[in-house]
Amino acid sequence: MSICRAVVAEAAFWRGYPALLLTFLLAQAAPQIDLALLARSPDGAVAAYVVVVRLALLETVATMALGSVASVAASRAAVAGSASGAASRAAASEVSGALWLAALAGGLFALAGALAYPFALPWVAGGDAGVGAMAAAALPWFIATTPIRMVGGTAAFLLHAVGRGGLAIRWKSMELAARAGVGFLIVDRMVPGAAGCFVAALLVTAPSAVWAVAALRVHASDGGRPDRAWLSVRLRAAAWESQRLLSFHLLGLATLALFAAPLGGGGRERLEGYAAASVMVLALFAPLVAQLRFLAMRLAGRPAADVAVMVRARSAWGMAVGSAAGLTLAVAGDGLGRWVYGQEGRWWSALVCALALSVPCRVVGNMLRAALQATGGFAGVARADGLFGWLFGLPLTALGLWWDCPALAAGALLLPEVVAVVWLWSRLARAARTGAGDSTTMQAQSTVSVAGR
């Protein structure tokens, strides 16, 4: 009976996670729709689309970081808002301020893109004149959509933070349907190629973002433009989160370069094995990213000691779920390699095995990351994720490739996460002992900002 109660309590705690995960998955569906629309376009259209999107790496990272910081701050203010009217006004201030900041950042990124993207385009396109020309035709439309993408991405996070996750799902579902319909008409009949996809995106996402902001205005009725002190605190947290996310992208590129290098003799088998495993990792990490964001919002607003207790109580659940998922991946790995990715051999097997072993650690590690971010510790999480992969993972990969040892190279998927879990656990324990997380500054700043208006 007690086990049943524990399962019911745990299910109640995670209520809202499926909605956030579905929102993440829906966001990933938009590029798939565009690629499907380009299937009948001239050769090079798909490459041109990917080239343009790849140019916006910094913008994508900044949008994710801003949404993460905004959702945690809004959740913290909403929790406090259940106790006092002033805190309720602080919640409105967080939502309103985040939307203003997203619009400002979007405008700056659009300006920077207009200045930098045309010069970076030939390098990213790899000298292919046809692809470069199609990408250049698409650039103005893509740049024009930049502020809309940042405001829309931030609004999606905020809707979950204020408890309107169901509305976010309906909104994104309707946006995808409209994008598919409008995209079919434009790409097929009016503006062919990658440019048509971005024209369709502009026509659909502009009114969609306006609608999302209007839906959030109910929660931002007492808010206004953020002041300089508020912007300083939020931008600092967003910068740390951007550093963390960017570090992952750059580490992936560096690892891919090592697999492509002639270390230990090289070979196409290991390069293709790593490339396929990287694609599989993207699918596997989607639930983990949603878990991190959900927990950071769920735990926001609580004292660091309470957060530590809640995470410790759920670590066993995390290990159990992660172990089950890892075991499933290990058993299905060879079949996935043969039938889905067209891969087999010792390099593929070693990479899948190491990834499967790392899943339980990644689930628990995400709990610890979320706990620290919920208490405002974005800097600590960024330092850990930005350091351990480069310090332990990359040298391990290089040695494994040099000695032609797949198990050693694949250990880079496991060892940095184990080290990160130990370090993050000690950091959370220290915050719980001192009785104050880094959230003090963010929480106080919300109060000051509201009082000053």
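1. Let me start with helix H11 (residues 268-299) and helix H13 (residues 346-374), whose axes cross at roughly 20° and come within 9 Å of each other. That angle makes H11 roughly parallel to H13, since angles under 35 degrees count that way. The crossing of H11 past H13 is right-handed. Sorted by class, the residues in this contact are 24 nonpolar, 4 polar and 6 charged. Please keep in mind here, and in every point below, that this is a predicted model.

2. Next, have a look at H14 and H16, which pack with their axes 8 Å apart and at an angle of about 150°. H14 is therefore roughly antiparallel to H16, because the angle is over 145 degrees. Here too the handedness can be stated: H14 passes H16 in a right-handed crossing.

3. Those two helices also come up on the surface. Which residues form the nonpolar patch there? They are Leu387, Leu391, Phe392 and Leu415, and together they have about 330 Å² of accessible area. Helix H14 (residues 378-402) supplies the largest share of the patch, 3 residues. Leu415, for its part, has its place in helix H16 (residues 415-434).

4. Finally, the charged pairs. Side chains of opposite charge can pair when their charged atoms come close. With a cut-off of 4 Å between the side-chain nitrogen and the carboxyl oxygen, the count comes to 11 salt bridges. One of them joins Asp34 and Arg179, with the closest N and O atoms 2.7 Å apart. Why does this pair tie together separate parts of the sequence? Asp34 lies in helix H2 (residues 17-37) and Arg179 in helix H8 (residues 165-189), so the parts that the pair ties together are 145 residues apart in sequence.

Conventions
Residues are numbered from 1 along each chain as its sequence is written. This is a predicted model: local features need pLDDT of at least 70, side-chain atom pairs count only at pLDDT 80 or more; totals for chains, interfaces and linings use all residues. Side-chain values use heavy atoms; hydrogens and water are left out. Axes are lines fitted to C-alpha atoms, for helices over the stretch in contact, and angles run from 0 to 180 degrees between N-to-C directions. Helices (H or I, at least four residues) and strands (E, at least two) are DSSP runs, numbered from the N terminus. Angles under 35 degrees count as roughly parallel, over 145 as roughly antiparallel, 65 to 115 as roughly perpendicular and the rest as oblique. A crossing is left-handed if the near helix is turned anticlockwise from the far one by less than a right angle, and right-handed if clockwise. Ala, Val, Leu, Ile, Met, Phe, Trp, Tyr, Cys and Pro count as nonpolar, Asp, Glu, Lys and Arg as charged, and the others, Gly among them, as polar. Patches are made of residues with over 30% relative accessible area and no salt bridge: like charges are joined within 9 Å, nonpolar side chains (Val, Leu, Ile, Met, Phe, Trp, Tyr) within 5 Å. Accessible areas come from the Shrake-Rupley method with a 1.4 Å probe; for residues, only the protein chains shown count as cover.
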